[in-house]
Structure formats: C-alpha cells, structure tokens
Amino acid sequence: MTASHSNGTNGVQSPNGKSTKPRFFEDHGIWKQAPILTGSTKFESLPDVKNIMITGGAGFIACWLVRHLTLTYPHAYNIVSFDKLDYCSSLNNTRMLNDKRNFTFYHGDITNPSEVLDCMERFNIDTIFHFAAQSHVDLSFGNSYGFTHTNVYGTHVMLESAKKVGVKRFIHVSTDEVYGEVKDEDDDLLETSILSPTNPYAASKAAAEMLVNSYMKSFKLPVIIVRSNNVYGPHQFPEKIIPKFICLLNRQRPTVLHGDGSPTRRYLYAGDAADAFDTILHKGTLGQVYNVGSHDEISNIELCRMLLKEMDIPHENPEDFNKWVKYTHDRPFNDHRYAVDATKLRHLGWDQKTSFAEGLKITVDWYKRFGEQWWGDISKVLSPFPIVVEAEIMSDKEEICDEPQLPKKRKISGS
C-alpha cells in the first residue's frame, strides 16, 4: 500500500503554512534505472512487531533500512516511512517500494505533534526507528536553533506520542559524536563512556538522548539507543564529504578540504549499517545502548587520494595532486577523530562485511551514474560551506586556496 499525507503533488502545506515546492514529488524515473540496495541480514520475525514507523525514511541511512525491512520481511512487517521531505531527502530513495503492500509513505514533520500522533494511531504503530534529524555539522555552526528544534524538540514530540499510543520498541538513532573528540592514543569508547559533545549538532543529539533516557525512567518507555560512526554509500545527499567529492571530481572540479585535511573518520558502508539496525531490532535488549563502529579510519586527505585512484585521475606527483585537492578554512571546531567500540553489538552477531575499498567502489559507480539527477540540481551544495534557508540551498563565497590551512592551536581535554 502507498499513501501520502499531503495536499496533492502541486504543493504540500508545511506546518508553518508555507507551500513546499513540488520538486520533491516530481518523478523523472531515474530511480527505475538504479539497483535496489539493501542490507543482507534476515532473522525470524518477531511476534510482537507488526507496524514499524521509520522517521526520516526518505533520507540516507533510514532509506536503506526502509528498503531492507520492506523487502526482507514482506509478510511480517508493515513499514511506514515518515518524512517531511527536507532539502536532503528524496522520494527516489523509496519509490521502488511503491508497489509493495507492506510499504507506506507518510508526509509529516516530527516537530508537528498532530502529524506524528496521527501517523502512529492511523497505522497502529508498535515499533519506531527514530532517524529524522538535522545532521550536517557544518550547518549547525550557523543554524544552531534549527538543530535544537528538530533534534531535541522533535525527539520530545516523538517520545510523548510514543508514550500515548504505547509503542513496544522505540529505537533512537544517535551518533558517535555525542562522545566528543578521541585522542589518537586513547582506547575506543564504550557505551558507558561519558558524553562530551563539542559542536551544536552533537550537543543537540546528546540532549535528545537525555530526553529518551528520561522517558525510559519516568514512563517505562521501552527504548534502545544506537550510536553509529560515519556511514557512507549510495543515496547519501552530496553535502557530506564522500558523495560531494565524487560529484566534484565527476564534474572535473577539484575537491576542497577544510583546514589541512588531517582529521580522521571511521566509515561504515550503508548496507552494513542497515544490517546493524536489523540486528538490534531482532536481537537487541530494551534499555541498552549499542555502538555501531567500523574498522576503517581514514583521514580526509587520504580519502581524496583514494577517490582519485578509484576514479582513475592522475595524482601521484604533487603537481597532479594539487590540481585536484584545494583547501579552505576549517570549521570553528573540528574534532580530530571519533572512535567507538562495537564489541557489544558484535556479540549479537553483527559484523562489518564490506571493506572500505569495496564500498567506495560501489559508491563511486553509483554517483557517476545517478548523482547528477537523483536530487535535481546539486550545484549549490557542492560548495565548501553551503547554506540552507527554509529548505533552499545557497552556495557560499568562501576563499579557496592551494595550501593547507593550519588549524588554530588548541588544548585538547586531558592533554
């Protein structure tokens, strides 16, 4: 079954009364040419799970789980993808499911209590995966109010509505960034580690976790919290580093690193992330926190080299490399690295199946084929620090230079 809570495809009314542009509902058929990508896990279905609401279901990580659960459990679970269709969403991410009887799309906003409650009651929701969030760190430095509104207040709306309808599982999707920066010599962080966020995005996610915990303690809401490191792969909006750099290189334009390119991130392929959430749904224990972590830690500048190699662009000598890798100023604060220990999740049977080299190859191929058309015109988002105002993206005018921008000296806690 397919359904959409909207006022038609010629313009959808947002909660503030402004008309959402119909571009989100325009269907140019590009999705018909793309492979249908899911995870690989499959478990015995749970008898007390029937109707699953996935917020942010037209966004990146959530759409992988939407496709995976819809196609893997066609006779066991009904999947409701709940999404407000923000600038980084696309219905192309789930259009291949429109003919599936166990799939429904609901156009709604997590900060609108009436829409959230209507969805939960209309579809008799018993299980929630709460992905929907403002998640691009760069934007949080300039639009921090929006992050607090969506990530904190939106989560509060979800929790209160879940309490009212009596959901049996509320799986809250957080981030490894709530732990803050991890020094090179430090051990990987366990789920019991202190939360010490360093940017407005991470702080809003940590605050949301406090609300989740309070509803578990005060109202006995059955919750699980998941903290994942960076996820990459097809369907990710090209504001994030991997798809952005692929799209730039595909346009024969140089990549632009923030600062000196030294910060590292651990990357997990989206198919493995979908498997992690599937595993947590079927094997996870209520009241627990699970880290989702990969083994692949790569600096931003090394990522550039890997992309140039994968795309067969000469870069071995400094002159060639400098042609394709430029620099701009860094974020106000850029964590050097994050590192989480996912042993607890691995004890449930999950493990990373896709190497970074294999996942990157799949990802580069997908963006070369579909990246220019999947979201419409992506030109403005490919600038180093794009700006988003009311779902409209604007390019920045930041200076780009040939030399690495050295980070300002700062004292790291504990050093």
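Residues 6-20 have a pLDDT that stays under 50. This is a predicted model, and for that stretch it has 21 contacts beyond four places in sequence. Across the chain the mean pLDDT is 89, and 87% of the residues reach 70 or more.

**The chain overall**

- The chain has 415 residues, and buried residues make up 57% of them.
- Its secondary structure comes to eleven helices and 16 strands.
- Take the contacts in the chain with a separation of 6 or more: 83% of them are between residues 24 or more positions apart.

**Aromatic pairs**

- The structure holds 21 aromatic pairs.
- One of them joins Y87 and F237, whose ring centres are 5.6 Å apart. Their planes stand at 80°, so this pair is edge-to-face; the cut-off for that class is over 60 degrees.
- The pair of Y87 and F237 links distant parts of the chain, 150 residues apart. Y87 is in the loop between β4 (78-83) and β5 (103-107). F237 is in the loop between β9 (230-232) and α6 (241-250).
- Both Y87 and F237 are buried.
- Y87 and F237 also belong to one aromatic cluster, together with W366, Y367, F370, W374 and W375.
- F129 and F131 form a stacked pair, with 6.2 Å from centre to centre and 25° between the planes. F129 and F131 are both buried.

**Charges over rings**

- R67 lies over the face of W64, at 5.0 Å from the ring centre.
- K163 has its charged end over the ring of F219, 4.7 Å from the centre of that ring.

**Strand β5**

- Is β5 enclosed or open to the outside? Five of its five residues are buried, so β5 is largely enclosed by the rest of the structure.
- In a regular strand, side chains alternate between the two faces of the sheet.
- Both faces of β5 are covered. F103, F105 and H107 are buried on one side, and T104 and Y106 are buried on the other.
- β4 and β5 run parallel and are joined by five bridges.
- F82 has Y106 in β5 as its bridge partner.

**H130, in strand β6**

- H130 lies in β6, which covers residues 127-130.
- H130 has 1% relative accessibility. The cut-off for buried is under 20%, so H130 counts as buried.
- Its side chain makes a polar contact of 3.1 Å with the side chain of T155.
- T155 is also among the residues that H130 touches, leaving out those up to four places away in sequence.
- H130 and I171 are 41 residues apart along the chain, and their C-alpha atoms are separated by 6.2 Å.

**N291, in strand β12**

- N291 is found in β12, residues 289-292.
- N291 is buried, with a relative accessible area of 0%.
- A polar atom of the N291 side chain lies 3.1 Å from the backbone oxygen of L189.
- Which residues does N291 contact, leaving aside neighbours within four places in sequence? They are Y179, L189, L190, E191, R227, V340, D341, A342 and L345.

**E316, in a loop**

- E316 sits in the loop between α8 (300-310) and α9 (318-324).
- Is E316 buried or exposed? E316 is exposed, with a relative accessible area of 70%.
- The side chains of E316 and H315 are joined by a polar contact of 3.5 Å.
- E316 and R305 are eleven residues apart in sequence. From C-alpha to C-alpha they are 8.8 Å apart in space.

How values were computed:
Residues numbered from 1 in each chain as written. Heavy atoms only, no water. Phe/Tyr/Trp six-rings, centres within 6.5 Å; stacked < 30°, edge-to-face > 60°. Helix = DSSP H or I, 4+ residues; strand = E, 2+ residues; numbered from the N terminus. Buried < 20%, exposed > 50% of the residue type's maximum accessible area, 1.4 Å probe, protein only. Lys NZ or Arg CZ within 6 Å of the ring centre and 35° of its normal. pLDDT = per-residue confidence, 0-100. Contact = heavy atoms within 4.5 Å. Pairing = 2+ DSSP bridges. Polar contact = N/O pair within 3.5 Å; in protein donor to acceptor, adjacent residues only side chain to side chain.
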